[in-house]
Amino acid sequence: MPVVRQGFVKDLLKYTNQDISLFAKMQSISLLNRILSFGDESVLKCNEEILDSMGDLLTVLGNNDNPSPHHIREVVKLCQKLHSTAAKCTFSLSKVPEGLKAALESIPVSQIALKFPDLASLSTKTLKCLDS
């Protein structure tokens with residue numbers, strides 16, 4: 001199993017939190033998704049930073065004039081994957097950050113959820129599993 005370089009996830013999140021293009025942010029989400037597949041505990045130890053960053057990104061996506069349902073779905077699925085990877089590795093996640101909680105709770109009542117109802121159920125399901 002590959003080992004993730006110490007500090008890599010924090011460096012990636014620092015890059016994700018910068019004022020860069022949405023495309024670049026989504027590329028980092030894709031990379032984080034792949035890294036979580038390894039089930040490396042050093043990645044799971046950064047769960048609080050990952051969840052904070054995902055909350056910030058969901059807020060940015062939600063504030064867009066024309067938010068992409070695909071981008072929202074990818075970020076929410078990353079949160080789910082973090083939870084499932086932690087469960088497989090018997091690792092306890094930190095408490096859900098308020099920013100992420102608020103962002104996930106806002107999805108079902110947003111305009112985009114009217115067009116894409118799967119986003120509402122996905123965000124509700126994700127919040128329940130993260131809260132457990």
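Trainee: Which side chain meets Lys-10 in a salt bridge?

Mentor: This is a predicted model, in which local features need pLDDT of at least 70, side-chain atom pairs count only at pLDDT 80 or more, and totals for chains, interfaces and linings use all residues. Residues are numbered from 1 along each chain as its sequence is written, and side-chain values use heavy atoms, with hydrogens and water left out. A salt bridge is a side-chain nitrogen of Lys or Arg within 4 Å of a carboxyl oxygen of Asp or Glu. With 3.6 Å from N to O, the partner of Lys-10 is Glu-49.

Trainee: How many residues apart are Lys-10 and Glu-49?

Mentor: Helices (H or I, at least four residues) and strands (E, at least two) are DSSP runs, numbered from the N terminus. Lys-10 is in helix 1 (residues 8-16) and Glu-49 in helix 4 (residues 47-63). The pair links distant parts of the chain, and the separation is 39 residues.

Trainee: Is Arg-73 buried or exposed?

Mentor: Buried means under 20% relative accessible area, exposed over 50%, and partly exposed in between (1.4 Å probe, protein chains only). The side chain of Arg-73 forms a salt bridge with that of Asp-118, at 2.8 Å from N to O. Asp-118 has a relative accessible area of 35% and is partly exposed. Arg-73 has 18% relative accessibility, so Arg-73 counts as buried.

Trainee: Which residue forms a salt bridge with Glu-98?

Mentor: The structure holds three salt bridges. In the one with Glu-98, both partners are exposed. The closest N and O atoms are 3.6 Å apart, and the partner is Lys-95.

Trainee: What is the phi of Thr-90?

Mentor: Thr-90 sits in the loop between helix 5 and helix 6 (98-106). Thr-90 is exposed, with a relative accessible area of 73%. Although Thr-90 is not a glycine, its phi is positive, at about 45 degrees.

Trainee: At what angle do the axes of helix 2 and helix 4 cross?

Mentor: Axes are lines fitted to C-alpha atoms, for helices over the stretch in contact, and angles run from 0 to 180 degrees between N-to-C directions. The axes of helix 2 (residues 22-36) and helix 4 come within 12 Å, and the angle is roughly 145 degrees.

Trainee: Which residues in helix 4 meet helix 2?

Mentor: Contact means heavy atoms within 4.5 Å. From helix 2 come Leu-22, Lys-25, Met-26, Ile-29 and Leu-32. On the helix 4 side they meet Met-54, Leu-57 and Leu-61.
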